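I opened my notebook for a friendly walk through one model. Here is what I looked up, in the order I looked.

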Amino acid sequence: MNSEKKIKIAGYALIIILVGSIYIISPNFYNDLFRVILSGDMKEIAAYIDSFGTLAIFFGFMLVLLINIVGLPSIFAITANGLLFGPAVGIIISWIAETVGVILGFLLMRTILRPSAEKLIHKSTRLSKIDDLSGKNGFKLMLVLRSLPYFPSGVLTAFGAISKISLKDYSLSSLIGKLPATALEVMIGHDIFTYNQNLNRLAIVIAISVIVYGGLWFFNKKYINGKK
């Protein structure tokens, strides 16, 4: 058994343990989880996490993790974490939860989607070239895409699952790329809801983000067009 298969088995076992443990601790968790996620109401999500009292950080972590496993948008959950626990703690727990979630989601999707994708890819020369490129430069591509705030995480997870990117490259690029993206999402979300106290910081964060990501887009565009 190779190392990737061992990691897949360990990943599936972790999902089962996490899902089972949460059900034992809170049997109504999953019903409530889907209700608050589908509501899209950040305040309701924050109140739901806070209702667990001393276990609020754990359930805030698990909420973000499970959302990322299934590929749904987690912006409301990570904003709630920032509001409840403060930007610093909110960033840390949301970053780790998002990273673990997208890796577990990748393992599940690759098992389900990759075999079917390979059949489709082999029928198209263009898709085969793209697939080969994703294997050779998958780390760089995923790193850049994961670092973009508000980019649909589930789309990237599915893209990674059907591509040739290795589990190691996908995991490392997601770990590194998710940090700036999550930090910005938590900070901006937190300061929007507390703008009376943090309006100046919100403006500075947005301005810096526009400059940094605008610069990256500009230089990447020049690189792609061969205008180094």
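**Ground rules.** I am working with a predicted model, so I note that local features need pLDDT of at least 70, that side-chain atom pairs count only at pLDDT 80 or more, and that totals for chains, interfaces and linings use all residues. Residues are numbered from 1 along each chain as its sequence is written, and side-chain values use heavy atoms, with hydrogens and water left out.

**Overall fold.** I looked up the secondary structure and found 11 helices and 0 strands. Helices here are DSSP runs of H or I with at least four residues, strands are runs of E with at least two, and numbering starts at the N terminus. Of the 228 residues, 41% count as buried; buried means under 20% relative accessible area, exposed means over 50%, and partly exposed lies in between, with a 1.4 Å probe and protein chains only. I also checked contacts (heavy atoms within 4.5 Å). Among those with a separation of 6 or more, 74% join residues 24 or more positions apart.

**Helix 4 and helix 5.** I took helix 4 (residues 56-70) and helix 5 (residues 75-85) next: they pack at an angle of about 165 degrees, with axes 9 Å apart. The axes are lines fitted to C-alpha atoms, for helices over the stretch in contact, and angles run from 0 to 180 degrees between N-to-C directions. Helix 4 and helix 5 are therefore roughly antiparallel; the classes are roughly parallel under 35 degrees, roughly antiparallel over 145, roughly perpendicular from 65 to 115, and oblique for the rest. The contact involves Ala56, Ile57, Gly60, Leu63, Val64 and Ile67 of helix 4, with Ala77, Ile78, Asn81 and Phe85 of helix 5. I sorted these residues into 8 nonpolar, 2 polar and no charged. In that sorting, Ala, Val, Leu, Ile, Met, Phe, Trp, Tyr, Cys and Pro are nonpolar, Asp, Glu, Lys and Arg are charged, and the others, Gly among them, are polar.

**Two residues from this region.** Alanine 56, in helix 4, counts as buried because its relative accessibility is 3%. Leaving out residues up to four places away in sequence, alanine 56 touches Ile49, Asp50 and Phe85. Serine 74 sits in the loop between helix 4 and helix 5, and at 7% relative accessibility serine 74 counts as buried.

**The salt bridge.** Which residue does lysine 178 form a salt bridge with? I found glutamate 98, the closest N and O atoms being 3.3 Å apart. The rule asks for a side-chain nitrogen of Lys or Arg within 4 Å of a carboxyl oxygen of Asp or Glu, and the count comes to 1 salt bridge. Lysine 178 in helix 10 (residues 167-193) and glutamate 98 in helix 6 (residues 87-122) are 80 residues apart. Both lysine 178 and glutamate 98 are buried.

**Helix 8 and helix 10.** I found helix 8 and helix 10 packed at an angle of about 25 degrees, with their axes 7 Å apart. That makes the two helices roughly parallel. By class, their contact has 7 nonpolar, 3 polar and 3 charged residues.

Tyrosine 150 has a positive phi of about 65 degrees although it is not a glycine. I located tyrosine 150 in the loop between helix 8 (138-146) and helix 9 (153-162), and at 44% relative accessibility it counts as partly exposed.
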